[in-house]
Amino acid sequence: MIINVAHTKGGVGKSTLATNLAVELTLPILDLDMQRSSFFFNQIRKDAGYPEMKVFYAQSDEEMAFLADYKGNRKKHIIVDSGGMDNNLHRLAILYADVILTPIGLSQIELLGLQNFYSILEEANDNSILAKEYVILNQVNSRSKKEIDGIKELIKKEFGLKVLNSMISSRKIFKDAFSEGKSVVEKQSKSASAEEINSLCDEIKKILKKRG
Ligand SMILES: Nc1ncnc2c1ncn2[C@@H]1O[C@H](COP(=O)(O)OP(=O)(O)O)[C@@H](O)[C@H]1O
Ligand SMILES: [Mg+2]
């Protein structure tokens with residue numbers, strides 16, 4: 001199955017989550033990000049002698065065709081790291097995806113960003129696209145539970161989108177681990193961030209089972 005980490009907005013944590021998921025779930029990654037974050041992450045892994053990830057690229061519709069093998073395939077999964085830009089390849093990735101994972105932060109501006117991405121999902125005029133969309137709250141600060149619940153409610157009410165139970169807090173370990181070519185679990189398996197990534201992996205596995 002195809003898990004597309006996607007958002008039109010940059011800097012929300014797509015590459016961070018995509019690489020952490022790929023390492024922890026031992027999955028290949030299709031890097032559509034113009035910044036080639038996953039490629040560089042993997043390069044650091046390689047140089048450091050850690051187990052490499054399988055990284056694919058695509059620059060044309062034809063080069064995306066191999067995804068057909070993964071679509072709806074319960075035995076074969078891939079993570080797609082979409083760049084922030086709204087172009088044909090990213091639209092195609094959204095169409096191909098079995099699950100779309102959209103990281104957003106907790107601010108008002110992030111909700112405007114989500115509105116923009118949502119309008120692109122809507123444009124496809126295909127209800128199955130909204131059904132496979134899951135929002136994940138990332139870079140969450142130590143705010144009150146009440147505020148987090150409020151934002152979750154707003155996303156559900158305004159957009160009718162599902163929000164994952166798993167949340168990822170904002171912690172320096174994400175930057176540090178990435179620059180060392182490690183997942184946060186590899187960097188510090190007993191850390192709070194490792195726990196959060198592990199529970200995200202568990203939740204995604206359940207979703208794949210349900211949607212498969
Ligand atoms: N949970 C987090 N905690 C701390 N920093 C984070 C977290 N998620 C992302 N970041 C940082 O935010 C920046 C943007 O993340 P990135 O994954 O590159 O976003 P995108 O791929 O959506 O553009 C990076 O510097 C990354 O280290
Ligand atoms: Mg990125």
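Mentor: With burial, taking asparagine 42 as the case.

Trainee: Does asparagine 42 count as buried or exposed?

Mentor: Buried means under 20% relative accessible area, exposed means over 50%, and partly exposed is in between, with a 1.4 Å probe and protein chains only. Asparagine 42 has 8% relative accessibility, so it counts as buried. It belongs to helix H2, where helices (H or I, at least four residues) and strands (E, at least two) are DSSP runs numbered from the N terminus. This is a predicted model, in which local features need pLDDT of at least 70 and side-chain atom pairs count only at pLDDT 80 or more, while totals for chains, interfaces and linings use all residues. Residues are numbered from 1 along each chain as its sequence is written, chains are lettered from A and ligands numbered from 1 in the order in which they are written, and side-chain values use heavy atoms, with hydrogens and water left out.

Trainee: Which residues coordinate the magnesium ion?

Mentor: Donors are N, O and S atoms within 2.8 Å of the metal (3.2 Å for Na, K and Ca), and sites may look incomplete because water is not among the atoms. Here the magnesium ion, ligand 2, is coordinated by Ser15 (OG) and Asp33 (OD), at 2.1 Å. The two are 18 residues apart and link distant parts of the chain: serine 15 is in helix H1 (residues 14-24), and aspartate 33 is in the loop between strand E2 (29-31) and helix H2 (37-48). Both serine 15 and aspartate 33 are buried.

Trainee: How many residues surround ligand 1?

Mentor: A residue is near a molecule if one of its heavy atoms lies within 4 Å of it. There are 15 around ligand 1, and the closest are Gly11, Lys14, Ser15, Thr16 and Asn138.

Trainee: What are the distances between ligand 1 and polar atoms of glycine 11, serine 15 and asparagine 138?

Mentor: A polar contact with a ligand is a pair of N or O atoms within 3.5 Å. A polar backbone atom of glycine 11 is 2.7 Å from an oxygen atom of ligand 1. For serine 15, a backbone N or O atom is 2.9 Å from an oxygen atom of ligand 1. The side chain of asparagine 138 has an N or O atom 2.9 Å from a nitrogen atom of ligand 1. Taken alone, ligand 1 exposes 560 Å², of which the protein buries 81%; areas come from the Shrake-Rupley method with a 1.4 Å probe.

Trainee: Which elements give two or more residues to the shell around ligand 1?

Mentor: They are H1, strand E6 (133-140), strand E7 (162-169) and helix H8 (172-179). H1 gives the most, with 3 residues.

Trainee: Where do I look for backbone angles that stand out?

Mentor: Most residues other than glycine have a negative phi. Threonine 26 has a positive phi of about 50 degrees although it is not a glycine. It lies in the loop between H1 and E2 and counts as exposed, because its relative accessibility is 70%. Arginine 36 also has a positive phi of about 50 degrees and is not a glycine. Its place is the loop between E2 and H2, and at 35% relative accessibility it counts as partly exposed.

Trainee: Is leucine 200 buried or exposed?

Mentor: Leucine 200 is buried, because its relative accessible area is 0%. It is part of helix H10 (residues 192-211). Its C-alpha atom is 8.3 Å from that of leucine 164, which is 36 residues away in sequence. Alanine 192 is also in helix H10, but with a relative accessible area of 38% it is partly exposed. Between the C-alpha atoms of alanine 192 and isoleucine 173, 19 residues apart along the chain, the separation is 9.8 Å.

Methods: Polar contact = N/O pair within 3.5 Å; in protein donor to acceptor, adjacent residues only side chain to side chain.
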